[in-house]
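Me: Could you take me through this structure and tell me what stands behind each label you use? I would like to see the cut-offs beside the values.

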Amino acid sequence: MSVRKIVTLPEPVLKRKAHTVTKFDKNLQALIDDMIETMRAAPGVGLAAPQIGLSERIIVIEYLENEENEEDEDKEDAPKKVWAVLNPEIIKRSEETLTGVEGCLSIPNLVGEVERHAAVQVKGLNRHGKPMKLKAKGWLARIFQHEIDHLNGVLFTERATHVWRPSDEIEPEQEV
Ligand code: ZN
């Protein structure tokens with residue numbers, strides 16, 4: 001495994017619609033492992049393939065599964081879950097939305113307030129090409145929406161109501 005270089009604006013691949021994954025070979029497995037390692041090294045909670053310069057519909061996310069459970073006092077010790085989803089698609093969106101502060105590894109030194117669906121249902125393929133479906137809410141739902149946007153060439157700055165340099169005000173909770 002190796003850490004790949006994260007590309008930043010104005011790299012054109014970030015604005016492109018990424019290609020559907022059709023080959024589930026050894027190279028893909030190695031690429032997914034590299035993406036997970038790159039996300040951890042950044043550090044970030046999510047990464048989409050265009051962020052390492054590859055126009056492929058692949059996202060990886062690592063997040064506390066029970067982050068939304070406020071009774072859980074030991075967040076630091078809670079297990080993290082890693083998702084790798086190929087060709088992900090949002091198939092259901094809650095009407096309820098939430099506004100939160102986002103950052104992006106591909107847009108250094110800028111954060112913004114973005115309104116996202118509070119819950120989403122995502123379908124796609126796992127790393128072996130098997131169909132999968134998942135439900136996410138809160139921050140995890142936000143991360144999925146942010147990463148899937150990357151596959152369509154959409155950056156959070158295009159959705160943000162306002163953006164600013166993080167040193168001025170609030171820091172984003174995580175970078176994706
Ligand atoms: Zn991002």
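Reply: Gladly; below, each label is set against its definition.

Reply: This is a predicted model, in which local features need pLDDT of at least 70, side-chain atom pairs count only at pLDDT 80 or more, and totals for chains, interfaces and linings use all residues. Residues are numbered from 1 along each chain as its sequence is written, and side-chain values use heavy atoms, with hydrogens and water left out.

Me: Why is S55 called buried?

Reply: Buried means under 20% relative accessible area, exposed over 50%, and partly exposed in between (1.4 Å probe, protein chains only). S55 has 12% relative accessibility, so it counts as buried. Its place is in the loop between β1 and β2. Leaving aside residues up to four places away in sequence, S55 touches V13, R16, K17, A18 and H19, where contact means heavy atoms within 4.5 Å.

Me: What makes β6 largely enclosed?

Reply: Five of the seven residues of strand β6 (residues 119-125) are buried, so the rest of the structure largely encloses it.

Me: Which strands does β6 pair with?

Reply: Two strands pair if DSSP finds at least two bridges between them. β3 and β6 are joined by five bridges in the antiparallel sense, with R93 opposite V120. Seven bridges, also antiparallel, join β6 to β7 (residues 131-137), and here V122 stands opposite L134. β6 and β7 form a hairpin with five residues between them, and G129 in the turn has a positive phi of about 90°.

Me: What is the largest nonpolar core made of?

Reply: A nonpolar core is a set of buried Ala, Val, Leu, Ile, Met, Phe, Trp, Tyr and Cys residues joined through side-chain atoms within 4.5 Å. The largest has 21 residues, and those with the most contacts inside it are I59, I61, Y63, W83 and F144. Helix α2 gives the largest share, seven residues. A second, separate core of 17 residues includes V21, I32, I36 and L86.

Me: Why is the contact between R116 and E102 called a salt bridge?

Reply: The term asks for a side-chain nitrogen of Lys or Arg within 4 Å of a carboxyl oxygen of Asp or Glu. In R116 and E102 the closest N and O atoms are 2.8 Å apart, and the pair forms a salt bridge. R116 lies in strand β5 and E102 in strand β4, 14 residues apart. At 4% relative accessibility R116 counts as buried, and E102 does so at 2%.

Note on methods: Helices (H or I, at least four residues) and strands (E, at least two) are DSSP runs, numbered from the N terminus.
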